[in-house]
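Open the model in your viewer and keep the selection tool ready. We will go stop by stop, and each stop says what to select and what is there.

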Amino acid sequence: MSATLTASLSPVASPDMAKRAELSAIDASTKAPTLYFLGSAALWLLIGTVFALIASFKMHSPEFLGNVEWLTFGRVRAAHLNAVIYGWSVNVSFAVALWLMARLARAEVRHAGMLTLAAAFWNIGVTVGIAGILAGDSTSIEWLEIPTYATPILFVAYALVGAWALITFRFGRAKHIYVSQWYLLAALFWFPWLYSVAQVMLVFPGTATYGTVQSLVNWWFAHNVLGLWFTPIGLAAIYYFLPKVLGKPIHSYYLSVLGFWSLAIFYNWAGVHHLIGGPVPVWVQTAGIAASFMMVVPVLVTAINHHLTMMGSFRALKYSPTLRFVVFGAVNYTLTSLIGSLASMRSFAEIAHFTQHTVAHAHHGLYSFFTMVMFGAVYYILPRVLLKEWPSAKLISLHFWATALGSLAMVLALTVGGLEQGVNMHLLHGDPAAPKNFLEVMAETLKWLEWRSYSGILITIGHIAFAINLTWMICQRRTAGTTQPTLFRNAPDMEIAR
Amino acid sequence: MNRAPLIFLGIFFAIAFSWTGIILTNHLSYAKLQPVYDEGEGKAFPEALPGNAQRGAEVYRDLGCVYCHTQQVRHPGYGTDIERGWGERGSVARDYIHEKRVYLGTMRTGPDLRNVGARFAGEGGRNWHIQHFYNPAEISKITLGNKTYGSIMPPYRFLFETRPIIGEPSPHAVQHLLPEKDQPPAGHEIVLTQRGEDLIAYLLSLKDPPLYPEEAKRVYVPKAEEPAKADAEAQPEAAK
């Protein structure tokens, strides 16, 4: 706000304005692919939500659409997972990662048309894959259900995105490699390794490994997609938007370094905790449990770093939509990771494994953390790419409260319900010969499954608010002159860095 | 951390480490487990599934049964699988060597199916599956207090076909197993589709043999006669 006299007379002479002009040019160069990825992500989010509601209702009312074969629970559940993972989450990851990479490397995206092509390929691949799942061609391998005929399309799309992100990084003007870029580079490298190993050693019939080694490949892949793709991209976004919106640097560089490398080493091994007590070697289960527990290190280090950055600025949560979503996500990253470390203990897994607790944990990580951070990122990125503001602060507010409360209600209901289910299944009530009847356990879990549907309705309301605001924003006319960012309320003494 | 090559090396080794440890090591050490020949029985175990059951496994895949049913029995002392009658022993890696795709599963919305062929066998088992697939909530139900709760397994009526009787009624017609409300119109009969037949054949075939000699040396199995002694000696770290 303290413009010098020169700058006020000639904006071009101000170094600040020159920097803004550069950022503006970079943002503009990402416009077409960012819009394509974000638009299709939002569409998949809605489709995935519909699948989710159908699956959730079927859980307590199995006659609902009971005679429709292509919507039978086992198919619609897989369709939900793939729509929200490969449709929503990966599309939005691509948009956010590419935009962040361009800004942080200080490089315009060249030949953005290739990225638009990649977006088209990716969405064709996901569409073919989900249609295949509904038609009965699912592989029934969790997180890898997309049938083999759709995989090459996805692979081409990913190769283009990965190559373009690296080119953008390589030819940028920035001298410094910011912490967000470590995470982005790592994620961009890890994902193709994970995906191709999983395809070769698990999905393709000719080259698949045998017996329960398949299960090890399965959970090495599935957990690492979370840990080595979605988590790094979510953290990259937090590391960027937290200081950006607050207008101050990340608290500690050294904590960032420690957090990054401990995540890289420990998360890799954590996936085996999905097989605790199963027919795989005990040593590898133990290694998985140890790694899962060691995840406490990167999680706490990152949490402390973010918290100390936020210290003194919590009032900004009242104003900035981006900050509110991102901070909500960051807090839930800490919570869900600590719960995950706890859940990997053998004694805890004996009760909680195979129950709704797992479902709660999955949604806590992928929704309350990752998806919320991505919403925050979208609220920041789109106005800069489109040069328009969000039309309605009320809709953003509705979006936040519906998804925040909805996702926490779901996580809470399924955590309590899952633990109750697990205790009912495993406590012998003093009589080792007579565990509780399975149907009795099921009957007592039903109320929690109904709560999941109610919380799902709340989340759906949030998604509709988001979709309306997004469509409205894209369709509205651009106003001439300068505009103000859309905030929840006016911030008298806070400058929102642009 | 401003040196891209160093960052890249670290990233590379992090994933190479877990890939080598979790996947490559185990692939080399036990992916090629072999069946064990039993001289008393004159055949090797585990046995490969018969052809119709293998087709049934494809139906199991296509309908996504794995999302609600596990196929792994936990070892005695960990969970209550044995007490529930889901198997006589915990599952071991050798049980799965013939399976084109392994359906261990991660969720028990429904019961474990690893030995469902032992619980529901023969003609009676087949009839039970037919009735259950048609009306799960009416075949599996429980009354608690004054409310009755039916199974939440979805109905699989699309595995059946209602068709007009042409000439002789089919000997495979199944409507006599179904309740009054599900009877077909006059002149029609209900038969299982081929996929339904295959799926039931698969479920009837799911049953693991007694423990193999090699695993019997290493995996904890309680001895019925002397449980206290078995607890003391034959339980290293594996069962806890």
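Select helix α6 of chain A, residues 151-170, together with helix α7 of chain A, residues 179-203. α6(A) passes α7(A) in a left-handed crossing. A crossing is left-handed if the near helix is turned anticlockwise from the far one by less than a right angle, and right-handed if clockwise. The two helices pack at an angle of about 155°, and their axes are 11 Å apart. Axes are lines fitted to C-alpha atoms, for helices over the stretch in contact; angles run from 0 to 180 degrees between N-to-C directions. That makes α6(A) roughly antiparallel to α7(A). The cut-offs: under 35 degrees is roughly parallel, over 145 roughly antiparallel, 65 to 115 roughly perpendicular, and the rest oblique. Helices (H or I, at least four residues) and strands (E, at least two) are DSSP runs, numbered from the N terminus.

Before you go on, note that this is a predicted model, where local features need pLDDT of at least 70, side-chain atom pairs count only at pLDDT 80 or more, and totals for chains, interfaces and linings use all residues. Residues are numbered from 1 along each chain as its sequence is written, while chains are lettered from A and ligands numbered from 1 in the order in which they are written.

Now show the residues where these helices touch. From α6(A), pick Thr151(A), Tyr158(A), Gly162(A), Ala165(A), Leu166(A) and Phe169(A). They meet Gln181(A), Leu185(A), Leu188(A), Pro192(A) and Gln199(A) in α7(A). Two residues are in contact if their C-beta atoms, placed from the backbone, lie within 7 Å. Which kinds of residue make up the contact of α6(A) with α7(A)? Seven are nonpolar, four are polar and none is charged. Here Ala, Val, Leu, Ile, Met, Phe, Trp, Tyr, Cys and Pro count as nonpolar, Asp, Glu, Lys and Arg as charged, and the others, Gly among them, as polar.

**Next: α8 and α14 of chain A**

Select residues 213-246 for α8(A) and residues 356-386 for α14(A). Their angle is about 40°, with the axes 10 Å apart. The pair is therefore oblique. α8(A) also passes α14(A) in a left-handed crossing. On α8(A), look for contact residues including Phe230(A), Gly234(A) and Phe241(A). On α14(A), they include Gly365(A), Phe369(A), Gly376(A) and Tyr380(A). This contact divides into eleven nonpolar, three polar and no charged residues.

**Two loop stops in chain A**

Select Leu65(A), in the loop between α3 (31-60) and α4 (73-105). Leu65(A) has a positive phi of about 50°, although it is not a glycine. Is Leu65(A) buried, exposed or partly exposed? With 16 C-beta neighbours inside 10 Å, Leu65(A) counts as partly exposed. A residue is buried if 20 or more other C-beta atoms lie within 10 Å of its own, exposed if 12 or fewer, and partly exposed in between; C-beta atoms are placed from the backbone.

Then go to Leu387(A), in the loop between α14 and α15 (393-426). Leu387(A) is not a glycine either, but has a positive phi of about 55°. Leu387(A) has 14 C-beta neighbours inside 10 Å, so it counts as partly exposed.

**Zoom out to chain A**

Buried residues make up 54% of the chain.

**Cross to chain B**

Show both chains. 72 residues of chain A are in contact with 67 residues of chain B. Helix α7(A) gives the most to chain A's side, with eight residues. That side divides into 42 nonpolar, 21 polar and nine charged residues.

Now hide chain A. Chain B has eight helices and six strands. Its radius of gyration is 23 Å, well over the 18 Å that the globule rule gives for 240 residues, so chain B is more spread out than a compact globule. Buried residues make up 35% of chain B.

Select Phe45(B) and Pro46(B). A cis peptide bond joins them, with omega about -5°. Pro46(B) is in the loop between β2 (43-45) and α2.

Last stop: Tyr60(B), in helix α2 (residues 51-62). Tyr60(B) has 24 C-beta neighbours inside 10 Å, so it counts as buried. Leaving out residues up to four places away in sequence, Tyr60(B) touches Cys65(B), Tyr103(B), Leu199(B) and Tyr202(B).

Methods
Rg over C-alpha atoms; globule rule 2.2 N^0.38 Å.
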